[in-house]
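Reader: I have a structure to go through with you. Can we take it piece by piece?

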Amino acid sequence: MTAPMPSPKPATNLPAPALAPVLIAQLEAIAARFPPPRVARLHIPADAPGDEPPKDAKFCAIELQDGAFGLSYVLLGDTLDALTGARSGHSGERLAGADPLQLARRLDGGTPVERALALAAINALTDSVWRQVGYQPPPAGNSLGDVQLTGHDHLGMIGFFPPLVHQVQAVGGRLSVLELDEAMVRRQQQRFPQVHITLERSALSACNKVVGTSTMLLNDTLDAMLAAAPQATTFAVIGPSAGLWPDALFARGVTLLGGTRVSDGAAFADAMARGVSWSAASRKFAIDRANWPGWERLLA
């Protein structure tokens, strides 16, 4: 007999506890069984020659002494400027030897820079334990984190994924894009005048499928976005920053986590230092909530 599929939203109407403390508590419980290695270094993205117009996405990475990596988005606020301004002071080396769990705790109440480093540390800690227990998350089958679209779907996109616009148009589906930055809306409207791009969360209300960037973990908007999409039976959180244990996200209503793991550390570090694509040194994965065993069972 096939087990029933989990409901796309939490079964309770009670407000969920804040996400950051839940993630940190889980990491601390896991660290009691798998003592985390120290930080080896922080990798800061360099500007590639002729990097114009500016890229819509850039990421830093924390590397641990066991070779694990964790990525984090750095284009919120002045995060990238703060990191690149410190590059001349060898900030990557100064972070060497730091306790990644201590860095991860700054996701709760830290500054934008601290939260970016915290998410990178959370992802690196996750990757470290996955390596130790031999867990290989399933490879992603497409750029939407394995979300399948038909012409009957209305896809809500939180954060703009320009390569995915053509995928939606190819199947004849509807597309609504929600951005939180007005300048980004204007820039993308100029590039894609045929796409509905807005600052209004109400655009998600009629969407039956939603794909959002892992930036929601940095600006603490995940719960608000879930609430804004009551019709969504699929709610995917995807992006290089989504390399963490998915339990807390699945409990809130996320149905799929699509992240990125570094597969070749040396090639990745070289590409990051030169400001060129590191996609060949990494691989995308997609974890479906229905098939996730839960962290305790995975570590049993």
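This is a predicted model: local features need pLDDT of at least 70, side-chain atom pairs count only at pLDDT 80 or more; totals for chains, interfaces and linings use all residues.

Reader: What share of the residues is buried?

Author: Of the 300 residues, 52% are buried. The protein exposes about 13700 Å², and carbon and sulfur atoms supply 54% of that.

Reader: And contacts? What share comes from residues 24 or more positions apart?

Author: Among contacts with a separation of 6 or more, such residues account for 66%.

Reader: Now the largest nonpolar core. Which residues touch the most other members?

Author: I62, L222, F235, V237, W245, L249 and F268 do, out of 73 residues in that core. Helix α5, residues 112–133, gives the most to this core, with 11 residues. Apart from it lies another core, of 20 residues, including L149 and F160.

Reader: Switching to rings. How many aromatic pairs are found in the whole structure?

Author: The search finds 9. One of them joins F59 and W278. Their ring centres are 6.3 Å apart and their planes are at 85°, so the pair is edge-to-face.

Reader: Where do F59 and W278 lie?

Author: F59 is in strand β2, residues 59–64, and W278 is in the loop between α10 (265–274) and β10, so the pair ties together parts that are 219 residues apart in sequence.

Reader: Why does F59 count as buried, and W278 too?

Author: The cut-off is under 20% relative accessible area. F59 has 12% relative accessibility, so F59 counts as buried. W278 has 16%, so W278 does too.

Reader: How are the rings of F69 and F268 placed?

Author: Their centres are 5.3 Å apart and their planes are at 70°, so this pair is edge-to-face. F69 sits in strand β3 (residues 69–73) and F268 in helix α10, 199 residues apart. Both F69 and F268 are buried.

Reader: Which residues form one aromatic cluster?

Author: F59, F69, Y73, F268 and W278.

Reader: Last one, S282. Buried or exposed?

Author: S282 is buried, at a relative accessible area of 14%. S282 belongs to strand β10, residues 282–288.

Reader: What does the side chain of S282 reach?

Author: The backbone oxygen of W278, at 3.5 Å. Beyond four places in sequence, S282 touches T260, R261, V262 and S263.

Notes
Residues are numbered from 1 along each chain as its sequence is written. Side-chain values use heavy atoms; hydrogens and water are left out. Helices (H or I, at least four residues) and strands (E, at least two) are DSSP runs, numbered from the N terminus. Buried means under 20% relative accessible area, exposed over 50%, partly exposed in between (1.4 Å probe, protein chains only). A polar contact is a pair of N or O atoms within 3.5 Å; within protein, one must be able to donate a hydrogen and the other to accept it, and residues adjacent in sequence count only if both atoms are side-chain atoms. Contact means heavy atoms within 4.5 Å. A nonpolar core is a set of buried Ala, Val, Leu, Ile, Met, Phe, Trp, Tyr and Cys residues joined through side-chain atoms within 4.5 Å. Accessible areas come from the Shrake-Rupley method with a 1.4 Å probe; for residues, only the protein chains shown count as cover. Rings of Phe, Tyr and Trp (its six-membered ring) pair if their centres lie within 6.5 Å; planes under 30 degrees apart count as stacked, over 60 as edge-to-face and the rest as tilted.
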